Amino acid sequence: MHLYSGAPTETRPSLLPKLAIKPWVKPLPDALKLTNARIVHPANSSVIDGMQTIFIRKGMIESIKPTQKGQKDDESGGETVKTVDLNGAFVCPGLIDCHVHVTAVPGVKNMSEFTQILEQDINLRTAYVLREMLLRGFTTVRDVGGASKRVALAIEEGLVQGPRLIQCGKALSQTGGHGDFAPGLSGGSSTTCCGGHSAGLGRVADGVPEVLKATREELKAGADFIKIMVGGGVASETDAIETVQYTAEEIRAITTTCKQMGGKMTTAHAYTVDAIRHAIDNGVDGIEHGNLIDAPTANLMAAKGIYLTPTLSCYGIMVRPPFEDFLPPDGKIKNAQVMAKGLEALRIAHEAGVTICYGSDLLTSLHALQTEEFAVRAGVLPSSVILKHATTNAAQMLGKSSLIGTISPGAYADLIVLNANPLADVTVLDRPEDHLLAVMKQGRVYSSCVEGLAVDA
């Protein structure tokens, strides 16, 4: 009888990549030339004259030159460079959504069920949410409560397919604030570090010592910025929209800490003028929502360089079929209150010169309507302005203007290919099933129906 005497002396070559410490990390994508492209420049609301060739190497845009007739695959520096003819399609920078909650996952019917989702289900379903966002053309997203650095790293390494993720960890809320989803019980309740909200979008901290600790813990865990709940919200049960949350001392403790620990940005959930001014007066750099803003407050924001990320489409989505029962009755009342003024607030902020960014703020299965924000904003603003919200302005707020939101040498090859010009009609972005031909993030193709441009994700 032959007895097994040990492992083979050599490993099969085909298995070597899977024996790496992190076997899911893929090599950089191959070099690529995209010819006959109509390049969209959102920053100056133009399309470059003539057909252009975009040369991509190691996930970055290396050069942009006029297309020469008869271009074929060639050798460049010893590597084969594949050439794909886009036949006059429009190439736009990858889209940026600055207000998402990727851990607010599908699988439930309403807000009540949403707060009871188990953590493991959240983790698994988040991967689905992220991949769908990428396939809609969003190559970068900013999560404003729920996601963590661990999720961002999983995407960066290729373990999970999704947009580049900028995240704040848990949003900070006072007891009874917009991030506190624990039951309102006389005598208090035993809340967890996340305010009793099992979906984990926020955490409760009261008083200067607690908010300092919470801020430092989120930054230690890798938060790219900090989100503060400074006013009432639609989805939270115990706070009216008109409430102003956190004291000046608490907010200043947070914003000062962020500046001291690497100059991190702070942004505030706020609808009303009182809440917005309370946030700005105490050092906040950005405002989320802002539906009830007035002209003087908008002028103040513009003068101070405070960013605004409105989220307008979500209010209409949350009350129409099949989501008419998504919010509880009191939530529907608050929803109507902020929805009525949203478009007017957008117009006021634009006329004041506020730097406005794109935000969707959708939860659960509503994520599928992420692009509807383009169509809603088109009711009051030109297409060229709205495209900047989801590219140029968003990249500026994230401090990455040279890398994302632009098609230029030295930027990431974050590209979407379209059969229509979004500068002429930005609502084409709300119909990706009709107009989105390909999605590329950092030179890797994640979706494509372009001949010769194969998916390699």
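Biologist: Which elements do the buried residues of H6 pack against?

Modeller: This is a predicted model: local features need pLDDT of at least 70, side-chain atom pairs count only at pLDDT 80 or more, and totals for chains, interfaces and linings use all residues. Residues are numbered from 1 along each chain as its sequence is written, and side-chain values use heavy atoms, without hydrogens and water. Helices (H or I, at least four residues) and strands (E, at least two) are DSSP runs numbered from the N terminus, and contact means heavy atoms within 4.5 Å. The buried residues of H6 pack against H5, strand E14 (265-270), strand E15 (286-289) and H7.

Biologist: Which residues of H6 are buried?

Modeller: Buried means under 20% relative accessible area, exposed over 50%, and partly exposed in between (1.4 Å probe, protein chains only). The buried residues of H6 are Val-273, Ala-275, Ile-276, His-278, Ala-279 and Ile-280.

Biologist: How are H6 and H7 oriented to each other?

Modeller: Axes are lines fitted to C-alpha atoms, for helices over the stretch in contact, with angles from 0 to 180 degrees between N-to-C directions. H6 (residues 273-281) and H7 (residues 295-304) pack at about 20°, with axes 10 Å apart. Angles under 35 degrees count as roughly parallel, over 145 as roughly antiparallel, 65 to 115 as roughly perpendicular, and the rest as oblique. H6 and H7 are therefore roughly parallel.

Biologist: How many nonpolar residues are in the contact of H6 with H7?

Modeller: Val-273, Ile-276, Arg-277 and Ile-280 in H6 meet Pro-296, Thr-297, Leu-300, Met-301 and Lys-304 in H7. Ala, Val, Leu, Ile, Met, Phe, Trp, Tyr, Cys and Pro count as nonpolar, Asp, Glu, Lys and Arg as charged, and the others, Gly among them, as polar. One residue of the contact of H6 with H7 is polar, two are charged, and the nonpolar count is six.

Biologist: Is the crossing of H7 and H10 left-handed or right-handed?

Modeller: The axes of H7 and helix H10 (residues 342-352) come within 8 Å and cross at roughly 45°. H7 and H10 are therefore oblique to each other. A crossing is left-handed if the near helix is turned anticlockwise from the far one by less than a right angle, and right-handed if clockwise. The crossing of H7 and H10 is right-handed.

Biologist: Which residues in H10 does H7 meet?

Modeller: The H7 residues are Ala-295, Ala-298, Asn-299 and Ala-302. In H10 they meet Ile-348, Ala-349 and Ala-352.

Biologist: How are H4 and H5 oriented, and which way do they cross?

Modeller: The axes of H4 (residues 207-220) and H5 (residues 248-260) come within 9 Å and cross at roughly 30°. That makes H4 roughly parallel to H5. H4 passes H5 in a crossing that is right-handed.

Biologist: How far apart are Gly-286 and Ala-268 in space?

Modeller: Gly-286 lies in strand E15. Its contacts, leaving aside neighbours within four places in sequence, are Met-265, Thr-266, Thr-267, Ala-268, Ile-306 and Tyr-307. Gly-286 and Ala-268 are 18 residues apart in sequence, and from C-alpha to C-alpha they are separated by 6.2 Å.

Biologist: Is His-178 buried or exposed?

Modeller: His-178 is found in the loop between strand E11 (171-173) and strand E12 (202-204). With a relative accessible area of 12%, His-178 is buried.

Biologist: What relative accessibility does Thr-139 have?

Modeller: Thr-139 is in strand E9 (residues 138-143). Beyond its neighbours within four places in sequence, its contacts include Gly-94, Pro-163, Asp-414 and Met-440. Thr-139 counts as buried because its relative accessibility is 1%.

Biologist: Which residues touch the most other members of the largest nonpolar core?

Modeller: A nonpolar core is a set of buried Ala, Val, Leu, Ile, Met, Phe, Trp, Tyr and Cys residues joined through side-chain atoms within 4.5 Å. The largest one has 93 residues. Those that touch the most other members are Ile-287, Met-301, Phe-374 and Leu-429.
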